[in-house]
Structure formats: structure tokens, C-alpha cells
Amino acid sequence: MRINPIQSNINQAYAPRPMQGVQRIPYATNSHATNPFAADTVSFTGKRLKPLLSPLKELVHEGIPCFYTGRIMLPESVINSFINSGAFSKPPQQVIKTLEPLTGYMQPVEREVFELIKKEVIKAPEKDLQDIYAQLYEGYKRRLIFKQNDVFRALKLKCGELPFGQQLGISYLLKIHANILEDKPVLLTFKKQDFIYKLQKFREENSLPQHIDKKIKAHCNALKNLHRSASPVGQLDRILNTLRRIPEDKRGEMEQVVINALKAYDKKEGVETFSRQAFLYRLNEELEGISYSHGSLRQEILNIAETLPSSRDDIDAFVIKYSKKPADKTWTRLLGGSVASHEHLNPSSNDGSDELSNLVLACAIHNSERSNITLNTYLSKNPEAKEHIINYLNRMQELENNGTLKKYGISDGYAWNIAQTLEKETKGRYPDGIFLAEDWLMSVSHYP
């Protein structure tokens, strides 16, 4: 059944058709929406989404569950329609009404944020989103710092198990970031790779005028190619001048990031915004020097650090992060993580192919979360995904049996080929032994 993604009746129940020759496993669908509806990673932060590669892109209209979570996904056309129509530029009261029918597709934290904003809008309809965030900021900031400090204390205890000489760099890093959490001035430092990451992220998340985007990209490439001993101050000045040609409300935090980078070269103190990503990157750098004999301890430290709250799993982190961004970024994010995206079973960074036998559909947020780690590593951390993978294979086999895949130009054997790829990627290495896809292969009776 083909659905108009904007005006469809999303409460209409979706009933899967019987399958032939495949073991049935109950659907694990969204609790509030069961109606069907990087590019490895789809941006879910505000930029118009890139079209998915054919032919999988259209299948999302047939009610395809996310490969990792079993949640029914949104087609990218839905969110692009909102962006193109300017729906996210309207007052919160109107945007809430627009998004209300789609709350069942939202990820758990995004739905929680939506309900929070909705509650505040009901209390004060005249407020814009930035006013709402300003009112919530202090309380949510205190709660977030409390959680972050808990993780920092656990990190400090675990790092105490390292030899004394290897504790110093990490102890200093923890002390600096503890001050950053409290908005205390710190001696600013400039890390080129960290800065380039933030600049690229800024470009990805914003629909900048073409000439501005081109200039920032050129500055970024120049910075990358800068000799290690050369000062980046000239490039940083040029980046700052280019940014200031963008309206102030569109610059976000990037302008302050550049200013802090320039201050770092004058050995000045300043207030930095805590970045979970930057902290994990710097911690990983510090841990690279740890001897091989302490490899397991290194991983334990990283595992603790990864429990720092993020906007993906914590409402406090979401509110603090998005309170500093234009309103349309919040609205886009509420739906963006649930958009269907292509996922490479064997990552493209590991020479994984773009063949259909290596491609599945997954929610953008979980695609981004996995990034380029191996399938084994991801499944070890998310064992609940096993059931959802079977659910995905069953749905695809069902669509093949009833002729739907052919309608979309996908040849017979897609689910079979995916199952074989899964077996190849996990066999003999998965913690539970041979991956469950082998059992699924045995259940498909009409294949040899």
C-alpha cells in the first residue's frame, strides 16, 4: 500500500501478510505507530536529507522495520517536505500540531522532548522555543552536571588502577573538563582535528548559502593541509570572517569555537562548552600511550566514558545541546533520527560494497550510532538487535513472496543474500557462537 507521507492516517493498523516457507516471528513495531511508511548516515539535525540510493529507498513505504530496533521508519520525503515548506519556521504552537500525528515514529528521547515542549506551549502559547529553553535551562543543566560528575568520579577511580606515570595526562584532562562542566574559565587549547570535526559538522547541519559553504570548505581543506609546525591563526581569522557573513542566529556555537581557538594561541583563558565527542576523542588520545598489558583496563575506561549522557539517550543533554541552536534544528531532530537510511553490514570504510547483499535499512540515529565499527562489536553491545534482525529478514522475505520486491526492482533472494552476509560477518566471532542468521537460512525451504 502506498501512503502519502504527510497526510496519511498514521493510526491505521498495518497487518503483515502471511509468509510462505519462512518461520514467523512476531513483529516488534512502534508502540504508537504501526502504519508503514553519510549516503551511509542520514543527517538528522537540520540539513535537507540526501536521497537514498535506489532501489531500497522506496521500500520504506511498505512498513520496513529498522534492522537494529524493529521500529517502523519514516521515509525521508516526510521530513524534507516539512523543511521545504517552511513548517519548522512557524511558532511552536503550530509546529506541535503539525508533528503531533507523527509522535509514534519518534525515538524515545525525542518523544520525551516533544511532550515537554508541548506541555510548555500549552502553559504559554505566546512563547517561542528559545524562551522555553531559557526557562528550562538552569534546572536541566544542574541535573546534567550531576550525571556527568558521576561518570567523571567513576573514571577517576578506574584511572587510579593505571601505573602512576600513565595517570597524569588523564587526571589533568579530567580536571580541565570538570571545570568546563561548571562553566569555569580554563586555559584554552587548540586541537586541529577536533576543530576540523566541529567545522565539518557545522557545514553538514546547516543549509548555508552556496558561496559561504564553498569558502568554509576551502578554509577547512587549507587547515587540514597546514604543516604541523605552521600557525593556523591566519586560516582561523579567515574562517571567522566568513562566519560573520552569516546571520548571527545561524552561526550557533561555531563562532565562539573559532574565537576560543584564536585565544588558545594567545595562551588565554576562556569558557568552553563541554563537548562529549571532543572529550571522548581526547581521552582516547591519552589512552593510546597505555601499555599493551593494560589493554583491558583501557577498554574499561573507555566504556565508562561512553556512559556520559548524550542527546540521543538523555533529555537533559538534549535540552542543553539544542537550547543553543536555532529552533528548526530541534524540530528536524525530533523526526530525523527515525528516517530510513542505508546501512552497510560491512562498513564502507572497511571496503564494504554498495551491493544490495551488503545493504539494509536502519533508522538514521542507529546508523550514525554504529558508525564504522564492526557488526560483531555493535551486536555485542546491543544483543537485543538479534530479534529485530530476524524480523527484518522475515519482512523482506514476505515482500519477496508476494511479489512486492520485484515491483521495486529488487531481484529474488535479497533476504537470503543478507542472511549469508550476516553469517559471513559474524560466524565464529559472535559471543554466542554462530550467528542466528544461519538458523534463518535453514528455515527458508524453497532455497537450496
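C220 counts as buried because its relative accessibility is 3%, where buried means under 20% relative accessible area, exposed over 50% and partly exposed in between (1.4 Å probe, protein chains only). C363, at 1% relative accessibility, also counts as buried. This is a predicted model, in which local features need pLDDT of at least 70 and side-chain atom pairs count only at pLDDT 80 or more, while totals for chains, interfaces and linings use all residues. Residues are numbered from 1 along each chain as its sequence is written, and side-chain values use heavy atoms, leaving out hydrogens and water.

How many disulfides does a search of the whole structure find? The search finds 0, a disulfide being a pair of cysteine sulfur atoms within 2.5 Å. For C363, the closest cysteine sulfur belongs to C66 and lies 3.7 Å away, too far for a bond.

Turning to the helices (DSSP runs of H or I, at least four residues, numbered from the N terminus), α3 (residues 108-123) packs against α4 at an angle of about 115°, with axes 11 Å apart. Axes are lines fitted to C-alpha atoms over the stretch in contact, and angles run from 0 to 180 degrees between N-to-C directions. The angle makes α3 roughly perpendicular to α4, a term for 65 to 115 degrees; under 35 is roughly parallel, over 145 roughly antiparallel and the rest oblique.

Technical notes: Helix = DSSP H or I, 4+ residues; strand = E, 2+ residues; numbered from the N terminus.
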